[in-house]
Amino acid sequence: MTEHAYLIGLLPLLSFVMIVFALRWKEKIASGFSIACILTGWVMSVTVLIEQLSSHSTPYEWFYKFINFPGFNLEIGIFIDPLTAVMLVVVTTVGSCVQIYSLGYMKDDPRFSRFYAYLSLFLFSMLGLILANNYFMIFIFWELVGLTSYLLIGFWFEKRSAALACKKAFITTRIGDLGFLIGLFLIGTYCHTFNYGDVFSQAASGIIPLGVLTAIGIFIFAGAVGKSAQFPLHVWLPDAMEGPTTVSALIHAATMVAAGVYLVARSMSLFVWSPEASMVVAIIGIVTSVMAATIALVQIDIKRILAYSTVSQLGYMIMALGLYGYDTSQGHHSAGYVAGTLHLMTHAFFKGLLFLGAGSVIHGVHTNDIRDMGGLYGKMKVTAVTFMIASLSIAGIFPLSGFWSKDEIVATTLHHPIFLFLTLLVAFMTAFYMWRLCFMTFFGEPRDQHRYDHAHESPKVMTYPLLFLAILSVFAGWVAIPWLPHGFSSFVYHGEIHHASPSWALMIISLTVALSGIGLAYLMYYKKSISYEAIGQRFRPLYNLFYNKYYFDELYQSILINPIMAIARFMWTFDAKIIDGFVNLVGWFTIVWADIKMLFDAYIIDGAVNGAGWIVRQAGHLLRFTQSGKAQTYALSIGAIAVLFAISKYEIIYLTVGWPTLTALFVTALLLLKLATRYFSADKQMSGSKTQED
Amino acid sequence: MESQILTLVTFFPLVGIVLIMLAPKDRPDTVKGVALLVSFVTMLLSFWLYSMFDKVANGMQFELNVPWITSFGINYHVGIDGISLLMIVLTAILTVLSILASWNSITERVKGYFISMLLLQIGMIGVFCALDLFMFYIFWEVMLIPMYFIIGIWGGARRVYAAIKFVLFTMFGSLLMLVAILYVVSAYHGFANEYSFDILKLATMPIAYKPQLLLFGAFALAFAIKVPLFPFHTWLPDAHVEAPTAGSVILAGVLLKMGTYGFLRICIPMFPQATITYLPYICVLALIAIIYGALVAMVQRDVKSLVAFSSVSHMGFVMLGIFALNLQGVEGAVLQMINHGVSTGALFLLVGMIYERRHTRLISELGGIVKVMPVFATLFMIVTLSSIGLPLTNGFVGEFLILIGTFKANMTYGVIATSGVILSACYMLWMYQRVIFGKITNPENEKLIDLDWREKGILIPLVVLIFWIGIYPKPFLDRIEPAVRSLLTQTNMVREDIGEPAFTVETDGSLSGMTAEDVNLNSKGEVHE
């Protein structure tokens, strides 16, 4: 079956294509086909897991050179090792439960078929991400799960909040993906291949400089920070709760957000060479974990409590993996790899269950606000019981799944006192906020009588998946019971098998911490012997800080989004006023210059031409008098000219000048006088004729 | 036949022009029909060209070289390589779609409009075929006139301003180009004692360093205006906003590519040394264009000018890829030229469809469209994602190749350019959310009718291309690769072992290690073979 594992990924794609092109209008068949596909995938995944178990974890790889890009090959391939097999089972299990559950939850939605199409597309992308054998392919599927997450968060796009949330999720995770992409380019530039095995062997052989390796590690981790909602890119996940609750269960609790953890685990062979990169991973993990847990303490929206809980638990896994990388790079043994992957599995089951349970509650009471709930235990027994099983599991109560995986995580931190302390603190807070949620939802007096009266248990199609997941929440962790000869740690491991010796003391400590968390919640929210209002009053600033999620959204708004928008607006003004202003100025100058040239043309050049004509014409007028045709005028002229000649001769001789200037002036004056009289008389004639016309 | 086919593809639209001229004025449907038919046949011819193209062969194919004005060495010289081939096919496809898109929106002066469209097509295909600078210049100018009319007559409210701005900007550049062409030709006369405008011949001539700088500058300015590279881009938003839908599609889809095509065909092969000198400046301008275009796009209120500014950003990517000067970068750039034509063309078509219904393109006037136009919303989503560069769409392949090429050339440039990818997601998705999602707030949007068959028919070919290039770009890359290889080896810039598929960082065109020796320059700054 292992060699046909690609079918596990292709079945949901088939379902997507079928629904989009053929089954869109037949809702029942569409959902049925989709569920059949994922159930087949589940059976196949379990088979693959069994084969991996029986073949003693021999990895299987198959690939096909799809396209020769210049400088590198794009391979399509699958890679199956125990980690892949476990992830396949987790994704198909939760995927099947969610699809069946959605039959009831989404029953009356007008876009029912589309919902199944999107879910199928998501499962295809997620399974592809797990099966990929190289970084290029994992990136492609990585982006595709981001897209389907976008589509599903915005599934109810009429809600403005949903439309905003899906955009926020996509863009925030894409900031992380940017890091992943840069990491990818670094791998391409230094390793000349994207294939996992080749990259890891090059890292091990020391060809890649350590600094580059650290950079690759940190950049790839940036992708994980985005997808797994780690600090500082965690802000999208709580908002993503705007999507249908089933989507939250599948994508934003069990599978997609775990993809970041998977990526770090998959790249562990890079991190073990770089203590710096590993330490960054571990610190981000624990910081996220503590921060998210404190926020979860005071939230009032049932889904948001679970969302912050998810962020916190993912931080746990990331921290465990980071510590593993660090310890290994220092030559120490560590249980971190096993702990991280084990918790990934158990968390998927109990957190998926919690979300589906929350969906069932919301389905019953039509509100997300836990202050409006209370006393629902009697109304919805199956939901309440399964929800509490999951809560016990996440709190880490013996002998449920969560106990074993959390115990492994605590064991990882043994040599790092600060981490140990914070891990236990988170464990305490987790137990507290989960049971605060349980007590406020299912016990006590109903606080909203109207909602309570209309509350009802969900149909069987919704409760059966709850029961199935509850079983897994109890037993799935048993594979890692330390006394088991061939347990989880000898199946999913990195490097060489390392059996951690069970530590009674540690188990007792973590159990005590969990129980005291539950106990405190019991006293505050069930017995009411400790007033939570009083505590909230006393630590008002801290309460506000937690309640407002450390003001991250406001912070990003004011230091990131607003400045960028201001810069963008400035650029736009700059573009319109300065650059285009310059262009228009050049245009304007050209026009003005053309105007000036036109004036020059009209008055100077054309003026010269017209002036020449005018002079000729006027001269003609003057000379006209000499050509009157009257003999006496001619005689007079001859006489006058003779006199003028005489006078000028006289002037030249007696005034001893070379040119008869005075005579010339006199003649000119006479001519002008004549001209002037002609002009004025012409004027009179003109105006006279004008008045006549009028 | 083989040597005539390019001429046939180029000038076949003339048949349509003549027929439309003969058609009576009061029969607009006949005119449209003729235009559609002729452009469709031209598209089929271009497909035929594609199928006959030998993807293994190096050098120009379907070459035809006939003396024209012999005393100046001007020839009718046409021929194509893989780059021009794909651009011709893209042009042919987009012309058909543009004519279909104008079916209902053009009601006045129908004859003139479709004649302009076909004339434009002749000019565009001619530029991609031309191997003679004289012909290149003529076709370059031939494109300008019909586009001027299309914007100036059938455009929006400020159409005259936009049309004149467009023409003046382009003319300014092309005049400098003309001067440079004449200089190169006369220099060639001094070198080989004969006149020639042949692009391939001229590229073999060594030119001294200083004239190279001036000549590169003149050509580069003409091409940069066309791309448009920051800060020569301001004609673009005006032209796009005012142009009719088909005008925008052709403008963004093909005309902008003329600029980058010019860099590939003329600037880099002819002036290799100047290329190296100018390279950092052009790269920085390209980076500015990427970030700047994206930021300005973010605050636009008009969908069309948002898309116009996104073009500035995307074309910045193309320029960056070209000037990475390695196989990945240039191949990615050529592919991205096609991608931008497809995606941005589709975006303009989509915006046009909304505009025909609502007579507004303001984002604030829209919203909640998905409720009334689900098919439109779906197609819009696909095109948006392709523009963002999501994997499995065409945008991803091009951007990925460009970025990996840039990374090899210069890490810093690579990191900055990669951050542009985020910004494109921001403005596109924000726009999509405001236009498509949410509740319908404007009652006028409630009565919108979803796309009809004609409109679906326009968009579906583009969507097919989006996925085809996104999933299986091999046929396109195979045809681009020999051309790019010969471009890079011809300019001695790549010393890559041709037979080796793997990265060889040390030996290929990584810019950091590029010195004068790499381009075989001696101290006088002359290229010796």
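Begin with A:Lys167, A:Lys168, A:Ile171, A:Gln557 and A:Ile561, which lie nearest the centre of the second largest pocket, a space lined by 30 residues. The model shown here is predicted. The volume of this pocket is about 1,000 Å³.

Next, display the helices around the pocket. Two belong to chain A, helix 6 (160-191) and helix 24 (552-624), and two to chain B, helix 11 (272-298) and helix 17 (411-436); each supplies at least two residues of the lining. Which helix gives the most to the lining? Helix 6 of chain A does, with 9 residues. Colouring the lining by class separates 20 nonpolar residues from 4 polar and 6 charged ones.

Now move to chain B and select helix 6 (residues 159-192) with helix 8 (residues 209-226). Their axes are 8 Å apart, and the two helices pack at an angle of about 150°. Because angles over 145 degrees count as roughly antiparallel, helix 6 of chain B is described as roughly antiparallel to helix 8 of chain B. The crossing of helix 6 of chain B past helix 8 of chain B is left-handed.

To inspect the contact itself, show side chains on both helices. From helix 6 of chain B, the contact residues include B:Phe169, B:Phe172, B:Gly173, B:Leu176, B:Met177, B:Ala180 and B:Tyr183. From helix 8 of chain B, they include B:Pro211, B:Leu215, B:Ala218, B:Phe219, B:Ala222, B:Phe223 and B:Lys226. By class, this contact consists of 16 nonpolar, 3 polar and 1 charged residues.

Continue along chain B beyond helix 8. Centre the view on B:Val227 and B:Pro228, whose connecting peptide bond is cis, with omega near -10°. B:Pro228 sits in the loop between helix 8 and helix 9 (235-242) of chain B.

Then return to chain A and select A:Ala229. This residue is placed in the loop between helix 8 (210-227) and helix 9 (236-239) of chain A.

The peptide bond joining A:Phe398 and A:Pro399 is cis, and its omega is about 0°.

How values were computed
Residues numbered from 1 in each chain as written. Chains lettered and ligands numbered in written order. Predicted model: local features only at pLDDT ≥ 70, side-chain atom pairs only at ≥ 80, totals over all residues. Heavy atoms only, no water. 1 Å grid on protein atoms, 1.4 Å probe; cavity = no way out; pocket = protein on both sides within 12 Å on 5 of 7 lines; lining within 4 Å. Points joined across faces, edges and corners; volume = space filled by probe spheres on them. Helix = DSSP H or I, 4+ residues; strand = E, 2+ residues; numbered from the N terminus. Nonpolar A, V, L, I, M, F, W, Y, C, P; charged D, E, K, R; others polar. Axes fitted to C-alpha atoms, helices over the stretch in contact; angles between N-to-C directions. Parallel < 35°, antiparallel > 145°, perpendicular 65-115°, else oblique. Left-handed = near helix turned anticlockwise from the far one by under 90°. Contact = heavy atoms within 4.5 Å.
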